[in-house]
Amino acid sequence: KFCKEKKIDYSRTLYSADLNIFKIQNITLDEFNELKEFDGVQLISEMPFYEITLDELDETEIVNIKKPIEGKDYPVIGVLDTGIAGIPHLKPWLLEENFTKFHKDDIDKRHGTAVSGVIVYGDELENEKYTGFEGAKLFEAIVYPNEKMLKIPEYELIENIREAISENNHVKIWNLSLGTSKEAYLDEFSDFGKALDEIQDENNVLICKSAGNCDNFKRNAPRSRISQSADSIRSLVVGSITKSKLPTDLAEKNNSSPFSRIGPGPSFLIKPDIAHVGGNAGLNETNQSIFNGVKTFSTDGTSKSVVGTSF
């Protein structure tokens, strides 16, 4: 009512039923100062925008294509990401149905393809029986655009996630390797985290969520705590450990990766919930970052190495 009377350009966002969050835009300084003084406002902050960190090294390695065994019942994993390229290694595992909110010209499938390569081929690519996992059918949910073309605000990403999950309720396990560089609060849960909890509660699903990456190791500074959105109570939050140690690497084998964010979450919440192999990192003699990644696929079907809690 206040905004209508003052002719302030506003719209309601949908984070969760308990959160009244409004988006304000095209506001003058005078209007902003009036809004600050309004008793009904608890907090005014910038709407966060999202960025994906994908540190990668190209490699060339021949990996045998595996196909689903006919008649075998595989789990279905929804990949809430940038999309999955239909490369020969992944196409047999991709469901025909999918979800997208973007035009094909605004999509860059690199990150989602790398995530999906680890899901289906993790053990084969590393020649290690890390999981014994034999594969999963993949549901492609494109909730994040090519960030060189479009910037996506937090509320829009949450709306995309909510829509993808609620419209495809037969999928019960979802992977969300997108996040923010903002550190979680110690005394308050993030709006994104609350929204993810409500989405999981309403739809009876599990979201596997990356803990988040930080580059403080480049400055010899302490690691950041988990990112906002990784403070979701219901999500299975995953940190990264190392698989090996090269001369330039900072962490020993089977230790926490130098880029992996750490806990605790708000209110002494123990996060991340689990950790798995996601690479190592360090610096060379000229202080350039050197990454010792895990193997996955590019969008053209070649193999490459990537590091990050996404993988």
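1. Helices here (H or I, at least four residues) and strands (E, at least two) are DSSP runs, numbered from the N terminus. Before going on, note that this is a predicted model, in which local features need pLDDT of at least 70 and side-chain atom pairs count only at pLDDT 80 or more, while totals for chains, interfaces and linings use all residues. Residues are numbered from 1 along each chain as its sequence is written, and side-chain values use heavy atoms, with hydrogens and water left out.

2. Pro264 also belongs to the loop between β9 (236-241) and β10. Gly263 and Pro264 are joined by a cis peptide bond as well, with omega about 0 degrees.

3. Now the sheet. What is the strand order? Reading across, the open sheet of seven strands goes β5-β6-β4-β7-β8-β9-β10, with parallel pairing; two strands pair if DSSP finds at least two bridges between them. At the edges sit β5 (94-100) and β10 (274-277), each pairing on one side only. From one strand to the next, the twist averages 25 degrees. Axes are lines fitted to C-alpha atoms (for helices, over the stretch in contact), and angles run from 0 to 180 degrees between N-to-C directions.

4. Helix α3 (residues 110-126) packs on this sheet, where the helix touches β4 (76-81), β6 (137-142) and β7. The direction of α3 makes about 155 degrees with that of β4. Contact, here and below, means heavy atoms within 4.5 Å.

5. On one side, Gly78 stands opposite Trp174 in β7, and β4 and β7 run parallel, joined by four bridges. On the other, Trp174 stands opposite Ile207 in β8. Strands β7 (residues 173-176) and β8 (residues 206-210) pair in the parallel sense, again over four bridges, and Ile173 stands opposite Leu206 in β8.

6. Two residues other than glycine have positive phi and deserve a look. Asn204 has phi near 55 degrees and is found in the loop between α5 (191-203) and β8. Ser229, with phi near 105 degrees, lies in the loop between β8 and β9. Which of these is buried, and which exposed? Asn204 counts as exposed at 60% relative accessibility, whereas Ser229 counts as buried at 0%. The cut-offs: buried means under 20% relative accessible area, exposed over 50%, and partly exposed in between (1.4 Å probe, protein chains only).

7. Leaving aside neighbours within four places in sequence, His89 is in contact with Val63, Asn64, Ile65, Lys66, Tyr121, Phe297 and Gly301. The C-alpha atoms of His89 and Val63 are separated by 8.4 Å, with the two residues 26 apart along the chain.

8. Two of those contacts of His89, Lys66 and Tyr121, also meet each other: Lys66 lies over the face of Tyr121, 5.3 Å from the ring centre. A charge sits over a ring if NZ of Lys or CZ of Arg is within 6 Å of the ring centre and within 35 degrees of the ring normal.

9. On aromatics, the structure holds five aromatic pairs. One of them is Phe2 with Phe38, which is stacked at 4.4 Å centre to centre and 15 degrees between the planes. Phe2 lies in helix α1 (residues 2-6) and Phe38 in the loop between α2 (29-37) and β3 (55-58), so the pair ties together parts that are 36 residues apart in sequence. Phe2 counts as buried at 17% relative accessibility, and Phe38 as partly exposed at 35%. For the criteria, rings of Phe, Tyr and Trp (its six-membered ring) pair if their centres lie within 6.5 Å; planes under 30 degrees apart count as stacked, over 60 as edge-to-face and the rest as tilted.
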